Amino acid sequence: MDGARALEHVRRVVAFGPRHAGSEGIRQTREYIVGTLRRLGLEPTRQELLAEGPPGSAEVAMANLLVDLPGPSGRVVILGGHYDGKRVPGVEFVGANDGGSSVGLLLEMARCLTEAPGSTTVRIAFLDGEESLGEGGPPADGLYGSRRLAASLRESGELEEVAAAIVVDMIGDRRLSISRELESTPWLWRLVAEKARVLGVERHFSGPLLAVIDDHTPLLAAGIPSLLLIDLHYGPGWDDNSYWHTEEDTIDKLSARSFEIVGSVLLASLEEIGFRPAG
Ligand SMILES: [Zn+2]
């Protein structure tokens with residue numbers, strides 16, 4: 001797990017500018033993700049969707065990008081995160097941490113799992129449309145990509161094969177402080193927290209308890225054991241979130257080390273989840 005590589009992906013994505021739904025920036029981000037995966041010999045599936053948005057708004061075309069890193073166990077663990085950015089009127093919002101960090105981490109995870117495949121199939125899901133399109137918020141507006149993913153798993157009958165899902169959001173902060181998210185499946189949190197302890201990084205997984213609606217919410221609703229890893233203390237101190245959804249969410253707030261911490265804990269966790277008895 002090379003945190004510098006993950007951070008470099010974020011740098012590239014941020015350079016495309018704002019990447020809210022329908023923007024040129026999100027089109028370029030999508031191309032960058034596909035191009036990077038292809039250089040690893042991977043061909044992502046494009047899962048198209050039309051987001052209705054809040055009442056009175058036009059439909060917006062979105063696309064999840066999904067890629068499987070196969071393992072022999074026959075079980076699938078979804079590893080997801082969003083790549084869209086929030087549209088913040090009047091602000092050049094580039095979302096280095098919010099939406100950018102998940103892209104960087106997932107691309108580097110794809111490289112690691114290509115070089116050293118595990119026993120479990122890891123389905124990496126680059127999700128579109130996590131952010132709301134209007135002034136409201138999720139679940140009514142937002143989570144478009146993850147809702148589409150959950151629906152597609154239901155329709156295809158694949159739900160049974162999915163052992164678990166882990167969603168990452170805002171995990172690049174150089175003062176990394178991931179919270180225990182209260183809606184998440186308890187055994188998944190315990191497993192990940194134990195890996196953090198073994199790797200000596202548990203202090204970065206001891207943020208305050210929080211309940212957050214995010215891309216794990218539709219997956220939980222579909223019956224998939226799901227965990228959200230998020231650091232919602234993104235600001236100049238340990239206990240404020242003042243960079244969130246502002247022009248302050250820039251690459252200088254992130255560190256390669258934070259990607260390394262999260263990535264190494266995830267690699268250890270994914271392997272164990274695949275061996276866990278179903279149910
Ligand atoms: Zn956001």
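What is the handedness of the crossing of α5 and α7? Please take me through the packing around that part.

Reply: Happy to. The crossing of α5 and α7 is right-handed; a crossing is called right-handed if the near helix is turned clockwise from the far one by less than a right angle, and left-handed if anticlockwise. Please keep in mind that this is a predicted model, where local features need pLDDT of at least 70 and side-chain atom pairs count only at pLDDT 80 or more, while totals for chains, interfaces and linings use all residues. Residues are numbered from 1 along each chain as its sequence is written.

First, the setting. The protein has seven helices and eight strands, taken as DSSP runs numbered from the N terminus (helices are H or I of at least four residues, strands E of at least two). Its C-alpha trace spans about 50 × 45 × 35 Å along the principal axes.

Now to the pair you asked about. Helix α5 covers residues 186–198, and its axis lies 9 Å from that of α7, at an angle of about 130°. Axes here are lines fitted to C-alpha atoms, for helices over the stretch in contact, and angles run from 0 to 180 degrees between N-to-C directions. The two helices are therefore oblique to each other, given that under 35 degrees counts as roughly parallel, over 145 as roughly antiparallel, 65 to 115 as roughly perpendicular and the rest as oblique. On the α5 side the contact is made by Leu-191, Val-192, Lys-195 and Ala-196, and on the α7 side by Val-265, Ala-268, Ser-269, Glu-272 and Ile-273. Contact means that C-beta atoms, placed from the backbone, lie within 7 Å. By class, this contact of α5 with α7 has six nonpolar, one polar and two charged residues; Ala, Val, Leu, Ile, Met, Phe, Trp, Tyr, Cys and Pro count as nonpolar, Asp, Glu, Lys and Arg as charged, and the others, Gly among them, as polar.

Helix α7 (residues 256–275) also meets α3 (residues 96–115), with axes that come within 11 Å and cross at roughly 50°. This pair is therefore oblique too, and α3 passes α7 in a right-handed crossing. Here Gly-104, Leu-105, Glu-108, Met-109 and Cys-112 of α3 face Phe-259, Val-262, Gly-263, Leu-266 and Leu-267 of α7. The residues of this contact divide into seven nonpolar, two polar and one charged.

A further partner of α7 is α1 (residues 3–14): their axes come within 7 Å and cross at roughly 115°. Gly-3, Ala-4, Ala-6 and Leu-7 of α1 make the contact with Ala-256, Arg-257, Phe-259, Glu-260 and Gly-263 of α7.

Key
Two residues are in contact if their C-beta atoms, placed from the backbone, lie within 7 Å.
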